Amino acid sequence: MSEILDKRVLAPKIYEIVVEAPRIARKALPGQFVVVMADEKGERIPLTIADFDAERGTLTMVLMVVGTSSLKLSRLGVGDALHALIGPLGKPSEIEPFPTVVMVAGGVGTAPVYPIARAFYESGSRVIAIQGARSEELLFWRDRLASVSHEHIITTDDGTAGRKALVTEPLKELLEQDGEKAIECVYAIGPAIMMKFCSLTTRPFGVKTIVSLNSVMIDGTGMCGGCRVDVGGQTKFTCVDGPEFDGHLVDWDLLMSRQNIYHEQEACSLDRVIKELSEDERETFQEA
């Protein structure tokens with residue numbers, strides 16, 4: 001049983017959950033993920049490992065409520081147990097000795113970016129972090145990300161925090177620098193549309209760009225084929241071949257169309273669950 005030891009609200013509909021998972025915590029590496037089930041009738045959803053502590057035997061996940069299963073998970077509290085927690089899954093990040101690396105975190109992408117940025121920082125690389133969100137209230141873990149970065153840039157779409165800009169704007173400016181500050185690698189993790197445009201931004205500069213994909217996933221072992229993506233004209237499975245891929249090779253339009261394939265069914269399912277909430281819970285959810 002994976003007991004929830006701590007739970008915090010980081011932003012509207014975004015939760016930090018710390019669970020007891022000693023075996024996973026001992027083996028977890030930056031870039032990997034777990035598959036989680038809230039109850040026996042819930043679907044399996046992938047969550048990137050946001051942090052892990054091998055000594056304490058704990059695993060930290062950051063969850064954004066977007067559908068039925070994530071809503072069920074968000075309603076669990078300290079002392080409750082997850083029905084299932086499987087991992088660590090996927091290939092870990094390749095922490096190469098780049099002199100300078102840029103980590104671009106969009107929205108909830110801050111969570112998976114953090115352990116990768118920390119690994120590069122501890123390896124001796126110069127780490128520049130660009131953290132973006134739609135507005136200030138959706139920014140979280142700013143201090144954490146800043147603590148493993150030599151330079152920390154914040155952008156918001158509406159200008160309520162940091163610079164009013166999309167993350168691609170400071171990214172392009174950094175790429176235009178040369179000399180000792182030249183960028184050798186970019187990690188971009190966040191919404192698919194953001195990762196697509198980060199990849200388009202870096203392509204003219206020929207800078208290696210790594211993205212982390214979160215596609216439709218069921219078994220997490222590559223058997224079902226639900227998480228297939230097109231990378232460089234080849235079919236890959238996110239759960240076993242990824243979740244990290246070369247952003248310049250991903251067929252982004254196909255990926256985003258697959259992400260929306262069950263949109264209507266997901267909306268119907270979520271609507272049924274919301275109707276079952278208490279009036280106070282429903283009001284809180286809808287306000288967020």
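Let me start with contacts, meaning heavy atoms within 4.5 Å. Among those between residues at least 6 apart in sequence, 64% join residues at least 24 apart.

A word on the source. This is a predicted model, where local features need pLDDT of at least 70 and side-chain atom pairs count only at pLDDT 80 or more, while totals for chains, interfaces and linings use all residues. Residues are numbered from 1 along each chain as its sequence is written, and side-chain values use heavy atoms, with hydrogens and water left out.

Now the overall picture. Of its 288 residues, 51% are buried, that is, under 20% relative accessible area with a 1.4 Å probe, protein chains only.

Next, the cores. A nonpolar core is a set of buried Ala, Val, Leu, Ile, Met, Phe, Trp, Tyr and Cys residues joined through side-chain atoms within 4.5 Å. The largest has 30 residues. Val62, Met103, Phe120, Trp141 and Tyr187 have the most contacts inside it. Strands 1, 8, 9 and 12 and helix 3 each give two or more residues to this core. Helix 3 gives the most, with 6.

Look at Trp141. Beyond its neighbours within four places in sequence, its contacts include Arg8, Glu16, Val62 and Tyr114.

How values were computed. Buried < 20%, exposed > 50% of the residue type's maximum accessible area, 1.4 Å probe, protein only. Helix = DSSP H or I, 4+ residues; strand = E, 2+ residues; numbered from the N terminus.
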